[in-house]
Amino acid sequence: MRKHLRQWLAAFLVAVVLLPLGGCALPGLSGSGNNTVRIASQNTTEQQIMAYVIAGMIGHYTNLNTTIINNLGSGNVSFNALKNKQADISSIRFNGTDLTTILNEKFERDPAKVNTTVTREFQQRYQMTYFKSYGFADTYAWMVKPAFAKKHHLKTVSDLKKLAPTMKVGIDQIWQNRQGDGYPAFQKMYGYSFGTVLPMQTGLLYDALSADKMDAILGYSTDGRVNSYHLKLLKDDKNFFPPYDGSAVATDAILKQHPELRSVLNRLVGKISLKTMQQLNYQVDDQLEEPQTVANNFLKEHHYFEGGND
Amino acid sequence: MKDMGLFSQLVYYFSHNGMYVLSQFNQTFLVSIYGVLLGAIVGIPLGIWISQYRRLSPVIIGIANVIQTIPSLAMLSILMLGLGLGQTTVIVTVFLYSLLPIIKNTYTGMLSVDADVLDAGKGMGMTRFQVMMTIRIPLSLSVIIAGIRNALVIGIGITVIGSFIGSGGLGDIIVRGTNATDGGAIILAGALPTALMAIITDLVLSFIEKRLTPKTSSER
């Protein structure tokens, strides 16, 4: 009786010991092995496209494996994934957003200053390398339906002044209380407030506007849905919304471990314009293509940016 | 795209993203399988053990019961704090949820073996170990497989939710569909293969279960 008890105990212990081993190197899954680069991507279309673009580039130029950590809820979550060594590369970060949300620095309107501050501080405080911009900048933009614009002769954000008190507008959740370029500062600069302001998830804004549940929304200039819903962007005539350059960010640890990643990521610098990004977004948001398919087609079309800067 | 019907959108989607769906399908399948496999490695010996030392069974089954009551999203988030983002966390979650059906079924299977057969074995002079290997385990195998089948169907559901902590798989497609313009077709493109996977694994395992169900000589 004693003897058998021991046998079963031994079997149980072996199983328990095997368990953590199983976690890291199971065949068929890209685990967190030594040769795997983990790319953090948020739950927006452009984040996912760029994550697959980076994965495709790494696959083409190196023999490292990649795994994508998808659907992260916000820029903060994806930053923390990098900080806590759960990811190595963040697919897109916007320097203006990082300046005020991650670094808690004062709001700054000059893009060049934003760029130097964020690059320097990310390096010093968090040992992360901020790459140069992909070539597109995202910015907030007020959007209305073309019919609405025509009816009220809207061209610029200032034109909304007369209508504003009766308007129902949708914004994303961060903007309302944001320092520097948020709603409080907006009211000060343009000198009016909206009747009803409804904060919600970005994806819902476009649907709400097209279903006439809103009069205007604050969307992103790179969003593919601007095209698919034929929305009219109002000109920011007082230059309130600063452009935020989008770049890749990688931890110094992974760049040290695999120095070849630096040149791979540098190949993408300046190669993706606002128009290109809009178009890629459009293919995913409106043409039922998966981000991975769009990214691979894009890379093949451009021959993986070979012959660029090394 | 908006002028196409839902069904033709779905066909269009599959024809353009087939490889992607396939790879996500594989990933979801593997994560669930690994979780359940680990669950079986731990759960089956545990079930056999508590069937031999029955005083322990309320404790072990109680613990497994408590694990089962935690909502899967909460479990994923709790484990994420310790294990981080990604597939490992999801595999461990599937493992934990598969413990109860496997342990319970193993335990029940062991106890439901006919006492007469066991007596016959003992009368032939078999040791306890021989009784276990040649009588108890073979006769309860079909019940154990039923537990694994249960665990695998639960596991597939959890793996899909695991998309929220970055594990990828078919859940990604569903989540993306909820974000996209007119994402109905994309949601279906993720949900249909998931349902199909659950149904097919259930059918295959139920077939195996039937094959392993002990038959008396007159039934053969």
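Q: What is the mean pLDDT of chain B?
A: The model is predicted, and its confidence can be read chain by chain. In chain B, 96% of the residues reach a pLDDT of 70 or more. The mean pLDDT of chain B is 89.

Q: In which helix of chain B is confidence lowest?
A: Helix H4 (residues 87-111) of chain B has the highest confidence in that chain, at 93. At the other end of the range the mean is 86. That lowest value belongs to helix H7 (residues 170-179) of chain B.

Q: What ipTM does the predictor give the complex?
A: Two scores describe the complex as a whole. The pTM is 0.77. The ipTM given by the predictor is 0.72.

Q: How many helices does chain B have?
A: Chain B contains zero strands. From the N terminus on, its elements run α-α-α-α-α-α-α-α. The number of helices in chain B is eight.

Q: What percentage of the residues in chain B is buried?
A: The C-alpha atoms of chain B fill a box of roughly 75 × 45 × 20 Å along the principal axes. Among contacts in chain B between residues at least 6 apart in sequence, 76% join residues at least 24 apart. Of the 220 residues in chain B, the buried share is 47%.

Q: What distance separates the centres of domain 1 and domain 2 of chain A?
A: The domain assignment gives domain 1 of chain A as 37-137 + 245-305 and domain 2 of chain A as 140-233. The contact takes 13 residues from domain 1 of chain A and nine residues from domain 2 of chain A. Taken over C-alpha atoms, the separation of the two centres is 27 Å.

Q: Which helix supplies the largest share of the side of domain 1 of chain A that touches domain 2 of chain A?
A: Helix H2 (45-61) and helix H12 (274-286) of chain A each supply at least two residues of that side. By class, the side has six nonpolar, four polar and three charged residues. The largest share, eight residues, comes from H12(A).

Q: Which feature does UniProt place at residues 36-301 of chain A?
A: The span is 42% helix and 21% strand, and its end C-alpha atoms lie 26 Å apart. The annotation comes from an unreviewed entry in UniProt. The feature recorded there is "domain: ABC-type glycine betaine transport system substrate-binding".

Q: Which strands stand at the edges of the open sheet of five strands in chain A?
A: The sheet has the order E8-E7-E9-E6-E10 (chain A), with mixed pairing. Each edge strand has a single partner strand, so one side of each is left without a neighbour in the sheet. The edge strands are E8 (196-200) and E10 (232-233) of chain A.

Q: Which residue in E10(A) is the bridge partner of Met143(A)?
A: Strand E6 (residues 140-144) of chain A pairs with E10(A) in the antiparallel sense. The pairing extends over two bridges. In E10(A), the bridge partner of Met143(A) is Leu233(A).

Q: Why does Tyr304(A) count as partly exposed?
A: Tyr304(A) lies in the segment after helix H13 (291-301) of chain A. A residue is buried if 20 or more other C-beta atoms lie within 10 Å of its own, and exposed if 12 or fewer do. Tyr304(A) counts as partly exposed because its C-beta neighbours inside 10 Å number 19.

Q: How far apart in space are Tyr304(A) and Ser263(A), C-alpha to C-alpha?
A: Leaving aside neighbours within four places in sequence, Tyr304(A) is in contact with Met57(A), His60(A) and Leu299(A). In sequence, Tyr304(A) and Ser263(A) are 41 residues apart. Their C-alpha to C-alpha distance in space is 13 Å.

Notes
Residues are numbered from 1 along each chain as its sequence is written. Chains are lettered from A and ligands numbered from 1 in the order in which they are written. This is a predicted model: local features need pLDDT of at least 70, side-chain atom pairs count only at pLDDT 80 or more; totals for chains, interfaces and linings use all residues. pLDDT is the predictor's confidence in each residue, from 0 to 100. Helices (H or I, at least four residues) and strands (E, at least two) are DSSP runs, numbered from the N terminus. Domain bounds come from an automatic or database domain assignment. Two residues are in contact if their C-beta atoms, placed from the backbone, lie within 7 Å. Ala, Val, Leu, Ile, Met, Phe, Trp, Tyr, Cys and Pro count as nonpolar, Asp, Glu, Lys and Arg as charged, and the others, Gly among them, as polar. UniProt positions are given in the numbering used here, feature names are shortened, and annotations may be inferred rather than shown by experiment. Two strands pair if DSSP finds at least two bridges between them.
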